[in-house]
Amino acid sequence: LAAAPAPAAARPLPYEAIPRSGRNAWLSLYRLWRSNSFPRFHLVMQRNFQRLGPIYRETVGTYNCVNVLLPRDAAQLFQSEGIFPRRMGIESWIAHRQLRNHKCGIFLLNGEEWRSDRLILNKEVISPAGTRKFLPFLNAVAQDFVTLMHRRISKNTRRSLTIDLYSDLFRFTLEGSSYALYGERLGLLEESPNAESQRFISAVETMLRTTLPLLFIPPGLMRWVTSKLWRDHIEAWDTIFKHADKCIQNIYQEFCLGQPRKYSGIMAELLMQAELPLDSIKANITEFTAGGVDTTAMPLLFTLFELARNPNVQTAIRREITEAESQGPRELSKVLNSMPLLKSTLKETLRLYPVGITVQRYPTKDVVLQNYCVPAGTLCQVGLYAMGRSPEVFSNPERYDPLRWLSKEENSFKALAFGFGARQCIGRRLAETEMMLFLMHVLRNFRIDTVSKADIKTVFGFILMPEKPPLLTFRPID
Ligand SMILES: C[C@@H](NS(C)(=O)=O)c1cncc(N2C(=O)c3ccc(Cl)cc3C2(C)C)c1
């Protein structure tokens with residue numbers, strides 16, 4: 001007997017059969033633009049998944065992409081990423097580098113160029129050995145933040161402090177990442193932080209804000225259609241590069257005058273190893289300096305807010321911190337590894353508030369997603385925001401419950417906030433360590449409270465941010 005044809009369900013459906021979010025690409029772009037939906041792009045994606053199911057195709061302008069949200073489809077996607085994983089490029093960033101004749105950092109590089117830089121940088125930036133070296137620097141900055149808060153509280157008779165922590169968190173993350181990168185303090189946690197660093201922080205914000213509308217406009221067009229936007233974007237970039245260049249020159253000057261005897265940050269290590277040429281070191285250190293501010297400040301703000309409105313979780317974490325401390329003085333990395341609940345709290349925050357709302361890949365071979373055949377080279381993305389809030393993936397998704405990560409439940413490919421594999425976020429250990437140390441010191445010294453228990457509305461401005469920063473109250477624990 002001839003082999004019976006495979007049952008229809010097993011044979012993948014054609015690519016053209018994937019449900020589509022809109023009929024006409026340009027009409028979709030016009031609609032998104034008119035209704036100013038870019039800041040709500042994460043909500044648009046979530047609604048599309050609810051409407052169309054766990055896979056759909058989106059064509060907006062020249063941008064064509066397949067969206068998935070289930071862990072097993074993310075796993076499929078990562079299995080086919082090849083040895084040079086690729087994301088969608090950011091034309092306006094590349095255009096700036098070309099305009100100013102700067103080299104690109106690993107975020108913008110691809111192929112062999114990306115891989116050779118990445119492998120060298122991994123050793124200092126994300127490896128356990130590298131992390132252990134900059135960990136004490138981040139600890140010192142976290143302790144200084146607590147000192148700053150105590151100093152402010154002592155100034156009022158109420159013995160509590162209610163503030164919008166937004167700008168303080170940016171100063172904290174810039175102070176921390178700069179100390180780890182350059183081995184020097186900017187002094188942002190003192191009473192009068194210097195104006196130049198403040199300008200750098202607002203330049204990063206301006207750059208991120210102006211990136212979003214430029215994402216969907218072809219570079220050739222962007223200079224003419226949006227000249228004000230383009231000028232602000234370039235100006236912000238120039239401020240960012242000027243600041244990073246000043247920090248790098250200081251180190252380079254001292255380095256030429258005599259090699260530092262002890263560890264003095266990631267930049268000095270890269271200079272000493274001399275495996276990367278100076279202009280590549282500069283390009284990557286600039287990316288890390290700018291990329292280390294908003295990305296880490298936002299999850300801290302969301303975590304403090306969630307702990308303020310979930311006091312029982314806050315108490316459980318505080319108990320874990322005091323127990324970890326009571327085991328006597330140990331190496332800091334061991335202390336952090338003995339706080340699984342605190343680590344899960346970060347995972348829970350990034351589930352509900354993923355800084356990068358999607359992870360993108362171009363599969364290098366045909367891949368089957370949700371029984372559809374997706375050809376190699378098609379831009380695919382995992383909707384992290386929608387996955388984090390999908391009842392198909394997480395039980396009671398709206399509940400802030402860090403313990404869900406400590407259960408025996410199968411959690412693979414559910415915690416994708418830092419991406420996956422060889423091209424995952426290189427700042428992951430720096431960000432995780434910075435946030436763990438910050439929360440350890442702050443929660444041990446203060447009780448956090450908030451009046452508003454209502455959900456925070458989020459906006460997407462290249463990173464996921466609160467529409468309105470929450471007001472938090474800090475009360476010292478005697
Ligand atoms: C928000 C998320 N988007 S993502 C990578 O998932 O699409 C993200 C995650 N980690 C780092 C970043 N960066 C920035 O913020 C940034 C600013 C200026 C420069 Cl020169 C380089 C960067 C990078 C890309 C490092 C952004």
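Helix H2 (residues 41-52) lies across strands E1, E2, E4 and E7 (380-383), and runs at about 135 degrees to E1. Helices (H or I, at least four residues) and strands (E, at least two) are DSSP runs, numbered from the N terminus. Contact means heavy atoms within 4.5 Å. Axes are lines fitted to C-alpha atoms, for helices over the stretch in contact, with angles from 0 to 180 degrees between N-to-C directions.

The structure is a predicted model, in which local features need pLDDT of at least 70, side-chain atom pairs count only at pLDDT 80 or more, and totals for chains, interfaces and linings use all residues. Residues are numbered from 1 along each chain as its sequence is written, and side-chain values use heavy atoms, with hydrogens and water left out. The protein chain has a mean pLDDT (the predictor's confidence in each residue, from 0 to 100) of 92, and 97% of its residues reach 70 or more. The model scores are ipTM 0.99 and pTM 0.95.

The strands under discussion form an open sheet of 4 strands in the order E1-E2-E7-E4, with mixed pairing; two strands pair if DSSP finds at least two bridges between them. Strand E1 (55-60) and strand E4 (358-361) stand at the edges with a single partner strand each, so one side of each has no neighbour in the sheet. On average, neighbouring strands of this sheet are turned by 30 degrees against each other, direction ignored. The pairing of E1 with strand E2 (residues 63-68) is antiparallel and spans 6 bridges. Thr59 has Asn64 in E2 as its bridge partner.

The whole structure holds 17 aromatic pairs. Rings of Phe, Tyr and Trp (its six-membered ring) pair if their centres lie within 6.5 Å; planes under 30 degrees apart count as stacked, over 60 as edge-to-face and the rest as tilted. Trp93 and Phe462 form a tilted pair, 5.4 Å centre to centre with 50 degrees between the planes. Trp93 belongs to helix H4 (residues 91-100) and Phe462 to the loop between strand E9 (458-461) and strand E10 (463-466), so this pair ties together parts 369 residues apart in sequence. Trp93 is buried, at 8% relative accessible area; buried means under 20%, exposed over 50%, and partly exposed in between (1.4 Å probe, protein chains only). One aromatic cluster is formed by Trp93, Phe107, Trp237, Phe241 and Phe462.
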